[in-house]
Amino acid sequence: MNHALTAAAAGFGTGLSLIVAIGAQNAFVLRQGVRRDAVLAVVGICALSDALLIALGVGGVGAVVVAWPGAVRAVGLIGGAFLLCYGALAARRVLRPGTGLRAEGEAVGSRRRAILTCLAMTWLNPHVYLDTVFLLGSLAADCGPLRWTFGLGAALASLCWFAALGFGARLLGRFLARPTAWRVLDGLVAVTMLALGAMLLAGS
C-alpha cells in the first residue's frame with residue numbers, strides 16, 4: 001500500500017510539474033475561465049486528452065520495456081537528458097522572466113470554436129507527446145508493476161490543474177498575470193525536472 005501511494009504521489013508531482021510548464025494550453029484554459037466561456041468542455045477535453053495520452057505512454061513504453069529489457073537503460077538515458085534540458089529551460093525562464101500570462105481583452109467566442117481550438121492546442125502540440133507519452137511513460141516504466149498507479153497519479157494531477165485553472169480563473173487570473181508568479185512556478189518545475197533527470201541518468 002505504501003509503495004502504491006508513493007508511486008501515485010510521484011506521478012502526481014511529475015505530471016503537475018510538466019503540465020504547469022506548458023504555457024499555450026494553460027493560457028487558453030485561463031482565458032476561457034476568466035471569460036466563463038465553455039469552461040467545462042475545455043477542462044474536460046484537456047483532462048481526458050492527457051489521461052488518454054498518459055495511458056498510451058504507460059502502456060506502450062511499458063510494453064517495450066518488458067519485451068526488450070535493454071530499453072530500460074536507453075529510455076533512462078534519453079529521458080534523463082530530456083529532463084535536464086527541460087529543467088534548464090525552466091531555470092532560464094526564472095532568470096529571464098516574461099511578461100506574465102494575459103487573459104483579458106478577447107471577446108467571448110462560440111462553444112464550437114473553443115472546443116476546436118482546445119483540441120488543436122492539445123493534439124497538435126509536439127511537447128504534449130514528449131511529456132505525456134514518452135517522458136511520463138518512461139518514468140512510469142521505471143516503477144515496474146506500479147507503473148499504472150504512477151500514471152493514475154499523473155492523470156489526477158492533470159484533472160486537478162485544469163479544473164483549478166478553468167474554474168478558479170477568476171481568482172488565479174490576476175495572480176498568474178504577474179511575471180513573479182510564473183518565476184516561482186518555473187523555479188519549482190526546474191528543481192523537479194533537474195532532480196528527476198539526475199536520478200534517471202544515475203539509475204541508467
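Visitor: What is the mean pLDDT of the protein chain?
Guide: This is a predicted model, and pLDDT is the predictor's confidence in each residue, from 0 to 100. In the protein chain, 79% of the residues reach 70 or more. The mean pLDDT is 78.

Visitor: Which helix has the highest confidence, and which the lowest?
Guide: Helix H8 (residues 169-176) has the lowest confidence, with a mean of 70. Over residues 103-107 the pLDDT is below 50, and this stretch has six contacts in the model beyond near neighbours in sequence. The highest confidence among the helices, a mean of 92, belongs to helix H7 (residues 147-167).

Visitor: How many helices and how many strands does the protein chain have?
Guide: Read from the N terminus on, the elements run α-α-α-α-α-α-α-α-α. The count is nine helices and zero strands.

Visitor: Why does the distance between the end C-alpha atoms of helix H1 agree with its number of residues?
Guide: Helix H1 covers residues 2-20, which is 19 residues. The expected span is 1.5 Å times one less than the number of residues, so H1 should span 27 Å.

Visitor: Is Asp-50 buried or exposed?
Guide: Asp-50 lies in helix H3 (residues 39-67). Buried means under 20% relative accessible area. The relative accessibility of Asp-50 is 5%, so Asp-50 counts as buried.

Visitor: Which side chain joins that of Asp-50 in a polar contact of 2.9 Å?
Guide: Not counting residues up to four places away in sequence, Asp-50 touches Ile-19, Val-128, Thr-132, Ser-158 and Phe-162. Ile-19 is also one of the buried residues of H1. The polar contact of 2.9 Å is with the side chain of Ser-158.

Visitor: What percentage of the contacts with a separation of 6 or more joins residues 24 or more positions apart?
Guide: Val-42 is in contact with Ala-114 and Cys-118, among others, leaving aside its neighbours within four places in sequence. For the protein chain, residues 24 or more positions apart account for a share of 88% of the contacts with a separation of 6 or more.

Methods: Residues numbered from 1 in each chain as written. Predicted model: local features only at pLDDT ≥ 70, side-chain atom pairs only at ≥ 80, totals over all residues. Heavy atoms only, no water. Helix = DSSP H or I, 4+ residues; strand = E, 2+ residues; numbered from the N terminus. Buried < 20%, exposed > 50% of the residue type's maximum accessible area, 1.4 Å probe, protein only. Polar contact = N/O pair within 3.5 Å; in protein donor to acceptor, adjacent residues only side chain to side chain. Contact = heavy atoms within 4.5 Å.
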